[in-house]
Amino acid sequence: YQGTSIGDHFGIANLFIALNQALAANAALTAFDKALLSNHIKTCVVDDIKNGDDEVVDELIMTMQKFMK
């Protein structure tokens with residue numbers, strides 16, 4: 001494999017297929033992350049705020065900042 005590129009070894013078509021699959025997997029994980037965070041906000045975060053735990057707001061802000069990077 002030394003001196004050859006991935007494209008030379010696997011063929012450019014297979015490389016594009018693999019990249020497309022990786023992009024699709026990443027998009028699916030991003031959608032799952034968003035749904036998970038949304039559900040957590042609507043349930044746990046709301047409950048914590050109703051019970052007087054305002055620190056959860058800071059935790060939520062830090063979590064959302066990680067998503068926005």
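**Figure 1. Packing of helix α2 against helix α3 in the predicted model.** Helix α2 spans residues 12–50 and helix α3 spans residues 55–67. The two helices pack at an angle of about 170°, and their axes lie 11 Å apart. Angles over 145 degrees count as roughly antiparallel, and α2 and α3 are therefore roughly antiparallel to each other.

**Figure 2. Residues in the contact between α2 and α3.** On the α2 side the contact is made by D33, L37, I41, V45, D48 and I49. The α3 side contributes V56, V57, L60, T63, M64 and F67. By residue class, the contact of α2 with α3 comprises nine nonpolar residues, one polar residue and two charged residues.

Figure 3. Over the chain the mean pLDDT is 85, and 86% of residues reach 70 or more.

**Figure 4. Burial and accessible surface of the chain.** The chain has 69 residues, of which 7% count as buried. Its accessible surface comes to about 5900 Å². Carbon and sulfur atoms account for 62% of that surface.

Conventions:
Residues are numbered from 1 along each chain as its sequence is written. This is a predicted model: local features need pLDDT of at least 70, side-chain atom pairs count only at pLDDT 80 or more; totals for chains, interfaces and linings use all residues. Side-chain values use heavy atoms; hydrogens and water are left out. Axes are lines fitted to C-alpha atoms, for helices over the stretch in contact, and angles run from 0 to 180 degrees between N-to-C directions. Helices (H or I, at least four residues) and strands (E, at least two) are DSSP runs, numbered from the N terminus. Angles under 35 degrees count as roughly parallel, over 145 as roughly antiparallel, 65 to 115 as roughly perpendicular and the rest as oblique. Contact means heavy atoms within 4.5 Å. Ala, Val, Leu, Ile, Met, Phe, Trp, Tyr, Cys and Pro count as nonpolar, Asp, Glu, Lys and Arg as charged, and the others, Gly among them, as polar. pLDDT is the predictor's confidence in each residue, from 0 to 100. Buried means under 20% relative accessible area, exposed over 50%, partly exposed in between (1.4 Å probe, protein chains only). Accessible areas come from the Shrake-Rupley method with a 1.4 Å probe; for residues, only the protein chains shown count as cover.
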